[in-house]
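Please look over the model below. My points follow in numbered form.

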Amino acid sequence: MNYFILFRLPIFYSISNNLIRSRFQDLQRKFHPDRFYYQLEKERLIALKTTLILNKAYSILKDPLKRAEYILSLFNIDYHHKKNTIFDNIFLHTQIELFDEFDSIKNKKNMENSLIKFNIKLNNIIKQNNIIMIQSLNNKQWEKAYNSLYKLRFLKKLQQKTEKFKEKLLNFN
């Protein structure tokens, strides 16, 4: 089942989350199991299964990285397949630099300012890779989109790690 077709959307990355949510809500109103309470058990079961599919589709389409991964899967590019791991020496170097920089923040006297600067740098790298991924997906350049998605997944994990560190830092002060 193609979730874009289910939601009556074009297979396109740059779709408004408001449109995705609106289509989801329309479908939920139509197929919600409560509407089938007085129907035969078979019809209630179909409504329940449909709702489960709708919920899964919505969770994928509303999340930008999951949506990108799903689009790639529609064109037979499996993000999770180990053979698809990219070997980009420049990005590997960037990963090492970012980890080193993040680790060094913990030893600096002015951790808060260092963390702010690091987050600005990280956000800029994320924005650059996001632009590349969007352009690649919209232009059907699947390998380039895959590589950008791979990088964005790493960057988002690092961003989450910095957010957790920032929370600890704020709670400590």
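1. Glu69 is buried, with a relative accessible area of 16%. Here buried means under 20% relative accessible area, exposed over 50%, and partly exposed in between (1.4 Å probe, protein chains only). Glu69 sits in helix 4; helices are DSSP runs of H or I, at least four residues, numbered from the N terminus. Leaving out residues up to four places away in sequence, Glu69 touches Tyr79, His80, Leu149 and Arg153. Contact means heavy atoms within 4.5 Å.

2. A note on the basis: this is a predicted model, where local features need pLDDT of at least 70 and side-chain atom pairs count only at pLDDT 80 or more, while totals for chains, interfaces and linings use all residues. Residues are numbered from 1 along each chain as its sequence is written, and side-chain values use heavy atoms, with hydrogens and water left out.

3. Which residues of helix 3 are buried? They are Ala47, Thr51, Leu54, Ala57, Tyr58, Ile60 and Leu61. These pack against helix 1 (3–6), helix 2 (17–31) and helix 4 (64–74).

4. Leu52 also belongs to helix 3. Leu52 is exposed, with a relative accessible area of 53%.

5. Asn124 lies in helix 6 (residues 111–138). Asn124 is partly exposed, at 38% relative accessible area. Its C-alpha is 34 Å from that of Ile5, 119 residues apart along the chain.

Technical notes. Helix = DSSP H or I, 4+ residues; strand = E, 2+ residues; numbered from the N terminus.
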